[in-house]
Amino acid sequence: MLTTLFFAVITFVAIVSAILVITCKNPINSALSLVMTFFCLATYYVMLDAPFMATVQVMVYAGAIMVLIVFTIMLLNIRVDATKKYTHKIVLGSIIGFFTLINTVFLLLKSRVALPTGPYNGEMIKQIGNTEIIGREMFTNFLLPFEITSILLLVAIVGAVIIAKKKL
Amino acid sequence: MENLNSYLIVSAILFSIGTIGVLIRKNAIVMFMCIELMLNAVNLTFVALSRHLGNMDGQVFVFFIMTVAAAEAAVGLALMIAFFNNKESIDVEDVNLMKW
């Protein structure tokens, strides 16, 4: 009962702040609402017995990526012009988004999720620990993708520096 | 743990809000933030299904998605800075250099 109430409150906050992201005129307000949504998602991860994912969500998304975005907004110093429109094609966009929602919800209600097949149930996750399980998976089954990720990050660093430079 | 379907429906709602945001906003940085919102909705699906199926592969995937999102943020914001240096604006309607 209490869990359901908590879930409802978090869902309310998440959806309201997500709507604020797309309706706020000032990009800074959108960014702060997005941080709120990220915190709500971190709460969901805690409720799903994934505390490591929640920590990474707060540190990487709410921390690093949002700092980068807010930094760019402030660096560019965009003036919010009160007379200028900040949206376009609202009706068409809303219809398409609404159809996306109908489609996904219909699919969810009509489909049946598979029964649990993997080895990790709730007791086992609490006993071993979420971080240890993820670490084991990542450095055994997912070792090659993990190494490829490092190349991706290197390419992103070099690319970002070269693109943002004024003169090469 | 709540019912699995409630998490999936929250995820669907967040994804749709992100879609609407990408389609209706003019500011490129806000569009970028809406894309992050959509990525996060997918992450929520991954974690919920991973917990439900008792298989940790989904959470490892979320980790990789976060890495890709970080790389994308760096390159995308660099592109916006480069565009702002040329046009003094980041509205997507001003991106018309290669328009026929």
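Predicted model: local features only at pLDDT ≥ 70, side-chain atom pairs only at ≥ 80, totals over all residues.
Chain A has 7 helices and 0 strands. Read along its sequence, the pattern is α-α-α-α-α-α-α. Taken along the principal axes, the C-alpha atoms of chain A fill a box of roughly 55 × 45 × 30 Å. The radius of gyration of chain A is 21 Å, while a compact globule of 168 residues would have one near 15 Å. Of these 168 residues, 22% count as buried. Among the contacts in chain A that join residues at least 6 apart in sequence, 51% are between residues at least 24 apart.

Chain A is divided into two domains: domain 1 covers 1-80 and domain 2 covers 125-168. The C-alpha centres of the two domains lie 22 Å apart. How many residues of domain 1 of chain A are in contact with domain 2 of chain A? The number is 4, and they meet 4 residues of domain 2. By class, the side of domain 1 that touches domain 2 has 3 nonpolar residues, no polar residues and 1 charged residue.

K25(A) is found in the loop between α1 and α2 of chain A. K25(A) has 15 C-beta neighbours inside 10 Å and therefore counts as partly exposed, since a residue is buried at 20 or more such neighbours and exposed at 12 or fewer. Leaving aside residues up to four places away in sequence, K25(A) touches V80(A) and Y86(A). Q57(A) is 32 residues from K25(A) in sequence, and the C-alpha atoms of these two residues are 26 Å apart in space.

Is K85(A) buried or exposed? K85(A) is exposed, because 11 other C-beta atoms lie within 10 Å and the cut-off for an exposed residue is 12 or fewer. K85(A) and I96(A) are 11 residues apart in sequence, with 21 Å from C-alpha to C-alpha.

Chain B has 3 helices and 0 strands. From the N terminus on, its elements run α-α-α. The radius of gyration of chain B is 17 Å, well over the 13 Å that the globule rule gives for 100 residues, so chain B is more spread out than a compact globule. Along its principal axes, the C-alpha trace of chain B spans about 50 × 25 × 20 Å. Of the 100 residues of chain B, 51% count as buried. Among contacts in chain B between residues at least 6 apart in sequence, 45% join residues at least 24 apart.

The helix α1(B) can be checked for its length. Its 21 residues, at 1.5 Å a residue, should span 30 Å, and its end C-alpha atoms are 31 Å apart, which agrees. Of the 21 residues of α1(B), 16 are buried, so this helix is largely enclosed by the rest of the structure.

The two chains come together in a contact that takes 63 residues from chain B and 72 residues from chain A. On the side of chain B that touches chain A, the elements giving two or more residues are α1 (4-24), α2 (28-53) and α3 (57-87) of chain B. Which of these helices gives the most? It is α3(B), with 23 residues. The residues on this side of chain B divide into 44 nonpolar, 13 polar and 6 charged.

In soluble globular proteins, nonpolar side chains tend to be buried together. Here the largest nonpolar core has 59 residues, of which Y45(A), I29(B), M33(B) and L37(B) touch the most other members. At least two residues of this core come from each of α1 (2-23), α2 (27-47), α3 (51-76) and α7 (143-164) of chain A, and from each of α1, α2 and α3 of chain B. Domain 1 and domain 2 of chain A both give residues to this core, so the core lies between them.

Not counting residues up to four places away in sequence, L37(B) touches A18(A), V21(A), L34(A) and T37(A) in chain A, together with L14(B), I17(B), G18(B) and G21(B) in chain B.

Note on methods: Residues numbered from 1 in each chain as written. Chains lettered and ligands numbered in written order. Contact = placed C-beta atoms within 7 Å. Helix = DSSP H or I, 4+ residues; strand = E, 2+ residues; numbered from the N terminus. Nonpolar A, V, L, I, M, F, W, Y, C, P; charged D, E, K, R; others polar. Core = buried A, V, L, I, M, F, W, Y, C linked by C-beta atoms within 7 Å. Domains from an automatic or database assignment. Rg over C-alpha atoms; globule rule 2.2 N^0.38 Å. Expected span 1.5 Å × (residues − 1).
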